[in-house]
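Let's take a walk through this structure together, one chain at a time, and then look at how the chains meet. Keep the picture open while you read.

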Amino acid sequence: MANGKCAVIGDRDSVLLFRAVGIEVFAETDGERANQIMHRLARTGYAVIYVTESLYPHCAETIAEFSTEAYPAIIPIPDALGSKGIGMKSLKENVEKAVGVDILSNS
Amino acid sequence: MALQYKPTRMELSNLKKRRTVAVRGHKMMKDKRDELVRRFISYARRNQALRRQTEEKLQKAMQSFILARAMMANEDVEEALLYPARAIAVDQGVQNVLSIPVPKLALETKQDDFVYPYGFATTGADLDTAVQALAEILPLMLELAEVEKATSRLADEIEKTRRRVNALEYVMIPQFDEAIHDIQMKLEENERGNTSRLMKTKEMLAKEAE
């Protein structure tokens, strides 16, 4: 198994902490620039890119581009202001796409 | 739209062969789809549980970080976190789920060798708590990444497979059936035409002989 790298993109308050545990941090609040950073990271062989939920919608282009490959995994995480439920929503969309109905919400 | 074909025996046998292949392919695709859905459901459930857990813990860690920032001078926080810790080592592999490559991730660094990347002189206890909490949920976050990627890959693949199953079931196979039926009808019609022509000729020959 190869060695993978992890990165996190988000606003400073939310992501600075990740530096202490050894994940590369890219502090960015602008959607356009975050998209560029993500694209660069994805090309340079990062395994996992965490991105805060407030930036996640801006990066849809890059996410769609790499969704057909095993790596990188682009994962939304809540920011310091709390979860907006975007991560859960994308899971729900996947379930609906695959099964036809949302089977998770009533369990 | 109907298929283009000539009403010959050759064409008929070709079409029958293609229909057999299509039926077998359809059966296999259907099996693949069912298995994909079965695995997908277990992945999706795990994904949901993991996401809920991770989001909750992550928010707690972030909140204690905010608290730490409030308690400490801004420069002290920046300084403490300026120098990144030893990068975490992540084992990155690919595992096959029904020939779909999905990521496999594992944290190589042990929990116990975790060291704070800063000195304790200028930092408060809240920062330690936040960093500790984050270090604890790292394995969870990696698992979430792995499972979430697998879930979305499987969902894509299920959609594709389902489309193929439907195309075979509702378009390809009915088209073949129709073409085969048409050719058979035309061949029979020719046969009948031939027979009646022969009968007619025989009749005329018999009349001439008289």
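This is a predicted model: local features need pLDDT of at least 70, side-chain atom pairs count only at pLDDT 80 or more; totals for chains, interfaces and linings use all residues.

Start at the N terminus of chain A and follow the elements in order: they run β-β-α-β-α-β-α-β-α. Count them up and you get four helices and five strands.

As a whole, the model scores ipTM 0.84 and pTM 0.80. For chain A, the mean pLDDT is 81, with 96% of the residues at 70 or more. Among the elements of chain A, the lowest mean pLDDT, 70, belongs to strand 1 (residues 2-4), while strand 4 (residues 48-52) has the highest, 87. Chain B has a mean pLDDT of 85, and 92% of its residues reach 70 or more.

Now slide over to chain B. Its pattern along the sequence is α-α-β-β-α, which comes to three helices and two strands. What about its overall dimensions? Chain B has a radius of gyration of 35 Å, whereas a compact globule of 210 residues would have one near 17 Å. You can see this in the C-alpha trace, which spans about 130 × 25 × 25 Å along its principal axes.

The axes of helix 1 and helix 3 of chain B come within 3 Å and cross at roughly 165 degrees. Angles over 145 degrees count as roughly antiparallel, and therefore helix 1 and helix 3 of chain B are roughly antiparallel to each other. Their crossing is left-handed. Sort the residues of this contact by class and you find 39 nonpolar, 10 polar and 20 charged.

So where do the two chains touch? Altogether, 47 residues of chain B are in contact with 36 residues of chain A. On the chain B side, at least two residues each come from helix 1 (9-71), strand 1 (90-97), strand 2 (100-107) and helix 3. Helix 3 of chain B gives the most, with 16 residues. By class, the side of chain B that touches chain A has 32 nonpolar, seven polar and eight charged residues.

To see some of that meeting up close, find helix 4 of chain A, residues 86-99. How does helix 4 of chain A lie against helix 3 of chain B (residues 125-209)? Their axes come within 8 Å and cross at roughly 25 degrees. Angles under 35 degrees count as roughly parallel, and therefore these two helices are roughly parallel to each other. The crossing of helix 4 of chain A and helix 3 of chain B is left-handed. On the chain A side, the residues that meet helix 3 of chain B are Leu91(A), Asn94(A), Lys97(A) and Ala98(A). Facing them in helix 3 of chain B are Thr151(B), Ser152(B), Leu154(B), Ala155(B), Ile158(B) and Glu159(B). This contact divides into five nonpolar, three polar and two charged residues.

Helix 4 of chain A has another partner: helix 1 of chain B. Here the axes come within 10 Å and cross at roughly 170 degrees, which makes helix 4 of chain A roughly antiparallel to helix 1 of chain B. From helix 4 of chain A, look for Gly87(A), Met88(A), Leu91(A), Val95(A), Ala98(A) and Val99(A). They meet Val37(B), Phe40(B), Ala44(B), Asn47(B), Gln48(B), Arg51(B) and Glu55(B) in helix 1 of chain B. By class, that contact has eight nonpolar, three polar and two charged residues. Leu91(A) and Ala98(A) are listed in the contact with helix 3 of chain B and also in the contact with helix 1 of chain B.

Conventions: Residues are numbered from 1 along each chain as its sequence is written. Chains are lettered from A and ligands numbered from 1 in the order in which they are written. Axes are lines fitted to C-alpha atoms, for helices over the stretch in contact, and angles run from 0 to 180 degrees between N-to-C directions. Angles under 35 degrees count as roughly parallel, over 145 as roughly antiparallel, 65 to 115 as roughly perpendicular and the rest as oblique. A crossing is left-handed if the near helix is turned anticlockwise from the far one by less than a right angle, and right-handed if clockwise. Two residues are in contact if their C-beta atoms, placed from the backbone, lie within 7 Å. Ala, Val, Leu, Ile, Met, Phe, Trp, Tyr, Cys and Pro count as nonpolar, Asp, Glu, Lys and Arg as charged, and the others, Gly among them, as polar. pLDDT is the predictor's confidence in each residue, from 0 to 100. The radius of gyration is taken over C-alpha atoms; the globule rule is 2.2 Å times the number of residues to the power 0.38.
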